[in-house]
Amino acid sequence: MRNGFPEYACPRCGGQLRKDGETMRCKVDSLEFPAFKGIPDFILPERRDAIESHLTAYRALRSCEQWPCASRAAFERLPFASPADRNASVWRLRGRTFNTLITDLKERFGKQSLRILDAGAGNGWLSYRLSRLGHHVAAQDILVDSGDGLATVRDFYSEPVPFAPVRAEFDSPPFTPRSFDVIIFNASLHHSPDPQATLARTMNLLDENGALYIADSPEFKDARDGELMLSQRARELSVRHSITFPSGGKGYLLWHEMERLRDRYAVERKDSSFGPAFAVRRLITRIRHRRRAASFPFYVITGVPISRSR
């Protein structure tokens with residue numbers, strides 16, 4: 001991994017940080033950012049209680065659905081999970097998206113070694129894959145658990161982690177401006193309370209010749225369909241598993257909000273085609289739940305904001 005990567009900054013004021021052992025300090029705000037299992041923790045003090053409350057519900061959901069990886073072998077297969085995996089059907093979709101991403105990176109950047117931010121990295125499987133391809137990767141998430149969070153690779157491997165895990169929220173990124181060539185929201189942007197505000201902040205971290213990718217987030221043309229999806233999901237979890245649906249994120253993207261990005265950036269949208277079985281499931285959703293099914297487009301956003309290019 002490149003020395004000095006990633007370039008950290010205070011998530012509140014954007015100022016320079018001083019490293020003292022495994023703790024980073026901001027003189028301006030008198031803030032200290034410790035580390036957990038060697039993972040820098042940039043969660044702001046006033047946000048910690050809300051995040052822990054959210055993660056309590058999120059962990060229960062993820063455990064119920066058997067998402068955490070139990071072994072190094074299972075982790076190394078991702079996103080091409082074993083057919084016996086409970087979530088194999090979802091991982092098949094992730095695998096197709098991963099192949100689309102790698103193809104686009106090669107076509108767009110050639111053989112460059114890129115500085116990449118994996119925003120909402122989960123257990124870091126994508127960061128691990130990208131680092132093995134020779135890229136310098138920062139894996140950002142708020143979950144540091146083993147198996148489903150940023151501690152996964154540190155617990156599964158004795159050798160140094162090939163990427164930089166960072167605990168931080170989307171809207172308080174602890175990085176300097178223009179410090180990444182590529183930023184990827186892989187099945188994660190819909191977890192933001194305000195995806196458009198998150199994108200605006202995150203684009204400031206992108207090099208002017210870079211690209212931001214959004215993949216595998218549910219998108220609707222009508223917000224009513226998105227809200228129905230969330231309420232139906234919450235009811236199902238409550239009735240079947242006595243689990244509270246995690247709050248905190250919007251839960252979906254809106255097509256017209258994504259289209260407005262074209263006023264400021266170059267936006268490429270590719271409709272993901274997951275085959276006939278996926279199309280059948282979409283039809284079943286419309287009949288059974290009386291709402292339109294979500295789309296899962298693949299976005300590539302390039303170009304600097306108009307205000308910054310003047």
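This is a predicted model: local features need pLDDT of at least 70, side-chain atom pairs count only at pLDDT 80 or more; totals for chains, interfaces and linings use all residues.
Colleague: How many of the residues of H4 are buried?

Modeller: Six of the eight, so the helix, residues 125–132, is mostly covered.

Colleague: Which ones are they?

Modeller: Trp125, Leu126, Ser127, Tyr128, Leu130 and Ser131 are the buried residues of H4.

Colleague: And what does the backbone do just after H4?

Modeller: Gly134 sits there with a positive phi of about 100 degrees.

Colleague: Different spot. Where is Leu261 found?

Modeller: Leu261 is in a loop, the one that runs between helix H8 (255–259) and strand E13 (266–270).

Colleague: Is Leu261 buried or exposed, and why?

Modeller: Leu261 counts as buried because its relative accessibility is 8%, and the cut-off for buried is under 20%.

Colleague: Which residues does Leu261 touch?

Modeller: Leaving out residues up to four places away in sequence, Leu261 touches Gln196, Leu199, Val267 and Ile301.

Colleague: How far apart are Leu261 and Ala138?

Modeller: They are 25 Å apart in space, C-alpha to C-alpha, with a separation of 123 residues in sequence.

Colleague: What lines the second largest pocket?

Modeller: There are 16 lining residues, and Tyr8, Lys19, Met24, Gly38 and Pro40 lie nearest the centre of that pocket. By class, eleven of the lining residues are nonpolar, two are polar and three are charged.

Colleague: Now the whole chain. How many helices and strands?

Modeller: The chain has ten helices and 14 strands.

Colleague: What is the radius of gyration, and what would a compact globule have?

Modeller: The chain has 19 Å, and a compact globule with 310 residues would be near 19 Å, so the two agree. The C-alpha trace spans about 55 × 45 × 40 Å along its principal axes.

Colleague: What share of the residues count as buried?

Modeller: Of the 310 residues, 51% do. The chain exposes about 15400 Å², with 49% of that area supplied by carbon and sulfur atoms.

Colleague: And among contacts between residues at least 6 apart in sequence, what share join residues at least 24 apart?

Modeller: In this chain, 70% of those contacts do.

Key: Residues are numbered from 1 along each chain as its sequence is written. Side-chain values use heavy atoms; hydrogens and water are left out. On a 1 Å grid over the protein atoms alone, a cavity is a set of points where a 1.4 Å probe fits but cannot get out, and a pocket is an open set with protein on both sides within 12 Å along at least five of seven lines; lining residues have an atom within 4 Å of a point. Ala, Val, Leu, Ile, Met, Phe, Trp, Tyr, Cys and Pro count as nonpolar, Asp, Glu, Lys and Arg as charged, and the others, Gly among them, as polar. Helices (H or I, at least four residues) and strands (E, at least two) are DSSP runs, numbered from the N terminus. The radius of gyration is taken over C-alpha atoms; the globule rule is 2.2 Å times the number of residues to the power 0.38. Buried means under 20% relative accessible area, exposed over 50%, partly exposed in between (1.4 Å probe, protein chains only). Contact means heavy atoms within 4.5 Å. Accessible areas come from the Shrake-Rupley method with a 1.4 Å probe; for residues, only the protein chains shown count as cover.
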